[in-house]
Amino acid sequence: MSYDTALETAINRLHEEGRYRTFIDVERSRGNYPDAVWTREDGSKSDVTIWCGNDYLGMGQHPVVLAAMHEALDATGAGSGGTRNISGTTVYHKRLEAELADLHQKQAALLFTSAYIANDATLSTLPKLFPGLVILSDSLNHASMIEGIRRNGGAKQVFKHNDLDDLRAKLEALPANAPKLIAFESIYSMDGDFGPIEAICDLADEFGALTYCDEVHAVGMYGPRGGGVAERDGLMDRIDIINGTLAKAYGVMGGYIAASAKMCDAIRSYAPGFIFTTSLPPAVAAGAAASVKHLKTDHALREAHQQGAAALKLRLKGLGLPLIDHGSHIVPVHVGDPVKCKMISDMLLDEHGIYVQPINFPTVPRGTERLRFTPSPVHNPAKVDALVSALDALWGQCALNRADIAG
């Protein structure tokens with residue numbers, strides 16, 4: 001077998017389907033986010049505005065976060081020096097876990113290197129703790145949840161997205177005494193729709209199931225203290241395990257679960273993805289802790305974020321663009337074709353200095369390709385004007401249908 005030929009065939013397939021992913025080399029400048037410098041393949045540089053970043057609130061540039069990271073770096077050095085079990089637990093890691101447990105009003109929290117690893121490690125470990133566990137998973141759950149559930153060796157049921165009748169039917173078909181867990185998200189990042197948390201919790205109570213809620217695209221941004229949609233709706237006490245990230249609204253890096261002390265103790269004791277991974281650098285943990293603490297009281301930043309998202313949606317609707325709007329801060333514009341999606345993304349970057357990555361299969365189903373905008377409080381009115389004007393000009397140029405409103 002020619003291994004190089006096989007690799008070339010696989011890569012060419014992506015090019016032919018119009019969904020080959022390219023890395024855009026951008027350099028953020030402290031204090032200037034969402035502006036950045038794009039380095040082209042020929043080495044030339046251009047100023048761009050980032051419209052697809054996950055630093056939703058600009059906390060990756062916040063003085064409180066940077067000061068905490070500098071202090072920890074100067075005090076401890078670069079790395080943690082080991083796994084959490086072997087010399088890699090510091091005062092900074094413990095402080096961050098305490099902030100997260102307090103945020104979600106849980107007994108404990110457990111820190112991972114990313115929310116992907118937190119989901120994967122936790123969901124793949126639970127059947128070891130609850131023999132015979134059946135995990136019921138929403139069909140649009142994130143890839144990290146799907147992967148953890150897939151390889152956990154236990155039984156699984158996939159219910160239709162946000163379909164409570166389908167979830168009920170699957171629960172009813174299971175033995176009454178079987179351990180069960182319902183895994184879902186509070187905000188689904190590609191469409192921006194909300195999970196029916198309260199109704200799922202009601203079903204969990206009725207059928208004796210645990211609840212696992214991924215709040216990755218909600219923590220920091222929803223609720224009185226940024227605890228997520230479950231906090232906003234007064235439902236945190238009904239969620240057994242909450243998953244969150246420190247790399248989006250909190251602007252740093254890392255992921256976590258928040259749950260009972262016994263649950264966190266069991267996961268840390270049995271999950272290979274936790275046991276055998278070097279812990280986050282202390283400076284990263286310090287910055288994340290400072291960000292979580294700050295956003296517990298910065299209501300104005302959350303309000304500005306929601307207002308910015310609402311204003312952009314209103315402007316795009318005014319152009320008649322096929323906007324998907326479920327009321328969250330996510331702003332997806334439906335294109336429906338991978339080639340045209342990449343084309344308009346490239347033209348926005350090349351001609352207008354606007355960087356938004358095309359979202360193609362397998363991230364979203366074929367035929368639902370889109371541009372996904374993530375406005376932040378630091379996208380000022382002038383940047384919004386520039387984006388709206390560029391989209392207005394390019395939509396017709398790319399022969400896209402404005403009347404096909406998606407949501």
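Guide: A salt bridge is here a side-chain nitrogen of Lys or Arg within 4 Å of a carboxyl oxygen of Asp or Glu. The model is predicted, and Lys383 forms such a bridge with Asp35, with the closest N and O atoms 2.8 Å apart. The two residues connect distant parts of the chain, since Lys383 belongs to helix H14 and Asp35 to strand S2 (residues 35-39), 348 residues apart. Helix H14 itself covers residues 381-397.

Burial is judged by a cut-off: buried means under 20% relative accessible area. Lys383 has a relative accessible area of 16% and is therefore buried, whereas Asp35, at 28%, counts as partly exposed. Beyond its neighbours within four places in sequence, Lys383 is in contact with Pro34, Asp35, Thr49, Trp51 and Val378.

The structure holds 23 salt bridges. One of them joins the side chains of Lys296 and Asp102 at 2.7 Å, N to O. Lys296 lies in the loop between helix H11 (282-295) and helix H12 (299-318) and Asp102 in helix H3 (residues 91-103), so this pair ties together parts that are 194 residues apart in sequence. Lys296 is buried at 8% relative accessibility, while Asp102 is partly exposed at 32%. Both residues belong to a network of salt bridges that also links Glu99 and Arg225.

Arg315 lies in helix H12 and Asp385 in helix H14, so parts 70 residues apart in sequence are tied together. Arg315, at 34% relative accessibility, is partly exposed, and Asp385 is partly exposed at 37%.

Technical notes: Residues are numbered from 1 along each chain as its sequence is written. This is a predicted model: local features need pLDDT of at least 70, side-chain atom pairs count only at pLDDT 80 or more; totals for chains, interfaces and linings use all residues. Side-chain values use heavy atoms; hydrogens and water are left out. Helices (H or I, at least four residues) and strands (E, at least two) are DSSP runs, numbered from the N terminus. Contact means heavy atoms within 4.5 Å. Buried means under 20% relative accessible area, exposed over 50%, partly exposed in between (1.4 Å probe, protein chains only).
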